[in-house]
Amino acid sequence: QLTAVLTTDNEALSPVIDMNRLSVNTIQNIISNNGGSETTATGGTEVARYITKKIELAEQADVATVYVNVLKPGGSDVDLYWRATAGDEDITAVAWTVQTGTDGAIPFNDTNFKEVRYDIDPFGTGSSFSSIQFKIVMQGSVSSTPPLIKDFRAICAT
């Protein structure tokens with residue numbers, strides 16, 4: 001059952017509901033907040049994940065800098081994971097590593113995206129990698145206000 005209150009400030013217009021074109025669209029975001037491990041090479045406990053394809057670099061790099069814009073409502077969280085290889089190793093067999101943002105924790109915000117920066121040095125100073133992959137895990141307990149991400153960028157350099 002749907003109840004509607006129709007009003008207008010224009011006395012020349014009368015609000016109308018067209019029963020022939022009436023429809024309702026309902027959406028539920030699928031999100032979880034299980035608090036389990038996402039570091040295993042395959043699988044994980046959360047349902048809202050974005051995993052990039054394997055990025056093979058033309059030249060080896062020492063560090064990666066990742067930028068992503070995040071909207072994080074209260075009761076939600078966003079985590080960045082990465083995995084890298086130095087040679088012909090199968091990247092799908094490598095465990096994920098969680099990365100903390102350079103600016104610290106992402107603040108809660110219901111209305112504005114905040115750019116978050118991550119500085120990643122996969123194998124320590126002086127060691128290079130030839131391929132890298134990223135996973136963004138979005139967690140939340142309210143499906144109507146999930147965290148949102150946009151403008152994901154990764155820069156790999158020596």
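Which residue is the bridge partner of T65 in β8? In this close-up series the bridge partner of T65 in β8 is I155, and the legends below set that pair in its surroundings. The model is predicted, so local features are reported only at pLDDT of at least 70 and side-chain atom pairs only at pLDDT 80 or more, while totals for chains, interfaces and linings use all residues. Residues are numbered from 1 along each chain as its sequence is written, and side-chain values use heavy atoms, with hydrogens and water left out.

**View 1**
Three strands in the order β6-β3-β8 make up an open sheet with antiparallel pairing, where strands are DSSP runs of E with at least two residues, helices are runs of H or I with at least four, and both are numbered from the N terminus; two strands pair if DSSP finds at least two bridges between them. The edges are taken by β6 and β8 (148-157), each with a single partner strand, so one side of each is left without a neighbour in the sheet. From one strand to the next the twist averages 15 degrees, with axes being lines fitted to C-alpha atoms (for helices over the stretch in contact) and angles running from 0 to 180 degrees between N-to-C directions. Strand β3 (residues 63-71) is joined to β8 in the antiparallel sense over eight bridges.

T65, a residue of strand β3, is buried with a relative accessible area of 14%; buried means under 20%, exposed over 50% and partly exposed in between, using a 1.4 Å probe and protein chains only. Its side chain makes a polar contact with the side chain of D119 at 3.5 Å, a polar contact being a pair of N or O atoms within 3.5 Å of which, within protein, one must be able to donate a hydrogen and the other to accept it, and residues adjacent in sequence count only if both atoms are side-chain atoms. Not counting residues up to four places away in sequence, T65 touches R117, Y118, D119, R153, A154 and I155, where contact means heavy atoms within 4.5 Å.

R153 forms a salt bridge with E115, the closest N and O atoms being 2.4 Å apart; the term stands for a side-chain nitrogen of Lys or Arg within 4 Å of a carboxyl oxygen of Asp or Glu. Because R153 lies in strand β8 and E115 in strand β6, the pair ties together parts that are 38 residues apart in sequence. R153 is partly exposed, with a relative accessible area of 30%, and E115 is partly exposed at 40%. D151 also lies in strand β8, and although D151 is not a glycine, its phi is positive at about 55 degrees.

**View 1. Strand β7 and its partners.**
Twelve of the twelve residues of β7 are buried, so this strand is largely enclosed by the rest of the structure. Strand β1 (residues 48-51) pairs with β7 in the antiparallel sense over four bridges, and R49 has V137 as its bridge partner there. Strand β2 (residues 55-61) pairs with β7, again antiparallel, over three bridges, while β4 and β7 are antiparallel partners over ten bridges, with A84 standing opposite I132 in β7.

**View 2. The largest nonpolar core.**
Of the 20 residues in this core, L80, Y118, I120 and F134 touch the most other members, a nonpolar core being a set of buried Ala, Val, Leu, Ile, Met, Phe, Trp, Tyr and Cys residues joined through side-chain atoms within 4.5 Å. Each of β3, β4 (76-85), β6 and β7 (129-140) supplies at least two residues of the core, and the largest share, five residues, comes from β7. Leaving aside neighbours within four places in sequence, the contacts of F134 include V66, L80, W82, W96, I120 and F152.

**View 3. The salt bridge of K135 and E38.**
The side chains of K135 and E38 meet in a salt bridge at 2.9 Å, N to O. K135 lies in strand β7 and E38 in the segment before β1, so the pair ties together parts that are 97 residues apart in sequence. K135 counts as buried at 1% relative accessibility, and E38 counts as buried at 1%. E38, R49 and K135 are linked in a network of salt bridges.
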